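Student: I should like to learn how to read the features of a protein model. May we go through one together?

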Amino acid sequence: MTTTDITTASVNAHLPQVHEPRNTGVPLDLDWALGAQANTSAIERRCANLPARRSVKKDHQAAWLLKAITMIDLTTLSGDDTAERVKRLCAKAANPVRRDILDALDMGPITTGAVCVYHDMVETAVTALEGTGIPVAAVSTGFPAGLSPLHLRIQEIQESVKAGATEIDIVISRRHVLSGNWQALYDEMRAFREACGEAHVKAILATGELGSLRNVARASYICMMAGADFIKTSTGKESVNATLPVSLTMIRAIRDYHARTGFRVGYKPAGGISKAKDSLVYLSLIKEELGAHWLQPHMFRFGASSLLGDIERQLEHHVTGHYSAAYRHPIG
Ligand SMILES: O=C[C@H](O)COP(=O)(O)O
């Protein structure tokens, strides 16, 4: 990535908003989806040297990190979530970086891309975020395993939309991929998309449970063909979550889908991304493989519960020359 293409002044100045047609989906094309290749060793080779090769320094690094913040789905998905925790998270989403740090960087206000919670916390988050413009994303469809009855999974989507979620993160049935039941995967995804209505739908593939990169590629195509607005790697609950090889596989499928249909599908790596330097590697990969258009909150998100804290520490270090203790950045 070149170091000059994002400056602090440009973080909030997104590219001119051409009308972005929503992915309507296309008829299931099994020849296309099943013909998807994923050359694991070539993909791993391409990813292996990315972290070393891609680095941005000083002011440009600060600008890229600020940009990364605007694309975080700030997430809490714990069994012990409470309304108070979600309210604190929402306050952090609205003011993700201390004012003195932003002032030192000559930066106006920024927010995270969204707040992501379980259904039960949607109303709390919607109320807490009123007036901020920050969308609420709900994980849904029996997250994380997706094994509840289909009608309940569909109802869960409808309830979350009714409660005010404008983004729905669904989980696919991994068994449809593992048993090669592509029609069932397509039909399920179409039903989820329809239940979302105007809310945008992110399809979580749970890539750590799909067995191979080829399956990841195939599932990516099927979900896009069925109308997914975003494809997302993981729930954060699998034993392997977002990785660079999985990301490369998915974003190349996104690129191919765009070339063939004209629809731009968004990308969300999620789970285990907690370091500022890792976020920079992801952004450079996106820029190289998909282009700058995808470096906007409506095209790219990090699903992350603790990334923001590390980015804030790095920004503070950039401004003051010192690291503060992690407890000074308690949320995110
Ligand atoms: O979708 C978001 C993930 O659940 C967050 O995972 P994380 O807690 O590893 O950042």
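This is a predicted model: local features need pLDDT of at least 70, side-chain atom pairs count only at pLDDT 80 or more; totals for chains, interfaces and linings use all residues.

Student: In what order do the 8 strands of the open sheet lie?

Tutor: Let us begin with the general idea. Strands of a sheet pair through backbone hydrogen bonds, and the pairing is either parallel or antiparallel. Here the order is S7-S6-S5-S4-S3-S2-S1-S8, with parallel pairing. Strands S7 (266-268) and S8 (302-304) stand at the edges; each has a single partner strand, so one side of each lacks a neighbour in the sheet. On average, neighbouring strands of this sheet are turned by 25 degrees against each other, direction ignored.

Student: How many bridges join S4 to S5?

Tutor: There are 5 bridges between S4 and S5, which run parallel. Within this pairing, isoleucine 168 has valine 201 in S5 as its bridge partner. Strand S4 (residues 167-171) is also joined to strand S3 (residues 136-139) by 3 bridges, again in parallel, and valine 139 stands opposite aspartate 169 in S4.

Student: Which strand do 3 bridges join to S5?

Tutor: That strand is S6 (residues 230-232), which runs parallel to S5. Lysine 202 stands opposite phenylalanine 230 in S6. Together with helix H11 (residues 213-225), S5 and S6 make a right-handed β-α-β unit.

Student: Which residues of S5 lie on one side, and which on the other?

Tutor: In a regular strand the side chains alternate between the two faces of the sheet. In S5, His200, Lys202 and Ile204 lie on one side, while Val201 and Ala203 lie on the other, and all are buried. Since 5 of the 5 residues of S5 (residues 200-204) are buried, the strand is largely enclosed by the rest of the structure.

Student: What should the 14 residues of helix H14 span?

Tutor: At 1.5 Å a residue, H14 (residues 307-320) should span 20 Å, and its end C-alpha atoms are 20 Å apart, which agrees. The buried residues of H14 are Leu307, Leu308, Gly309, Asp310, Ile311, Glu312, Leu315 and Glu316. Just after H14, glycine 321 takes a positive phi of about 85 degrees.

Student: Which residues surround the ligand?

Tutor: One lists the residues around it, then sorts them by class. The ligand is surrounded by Thr75, Leu77, Cys116, Thr235, Gly236, Ala270, Gly271, Gly272, Gly303, Ala304, Ser305 and Ser306. By class, this shell has 4 nonpolar and 8 polar residues, and no charged residues.

Terms used
Residues are numbered from 1 along each chain as its sequence is written. A residue is near a molecule or strand if its C-beta atom, placed from the backbone, lies within 6 Å of it. Ala, Val, Leu, Ile, Met, Phe, Trp, Tyr, Cys and Pro count as nonpolar, Asp, Glu, Lys and Arg as charged, and the others, Gly among them, as polar. Helices (H or I, at least four residues) and strands (E, at least two) are DSSP runs, numbered from the N terminus. The expected span of a helix is 1.5 Å times one less than its number of residues. A residue is buried if 20 or more other C-beta atoms lie within 10 Å of its own, exposed if 12 or fewer, and partly exposed in between; C-beta atoms are placed from the backbone. Two strands pair if DSSP finds at least two bridges between them. Axes are lines fitted to C-alpha atoms, for helices over the stretch in contact, and angles run from 0 to 180 degrees between N-to-C directions. A crossover is right-handed if, with the strands pointing away from the viewer, the path from the first strand over the helix to the second runs clockwise.
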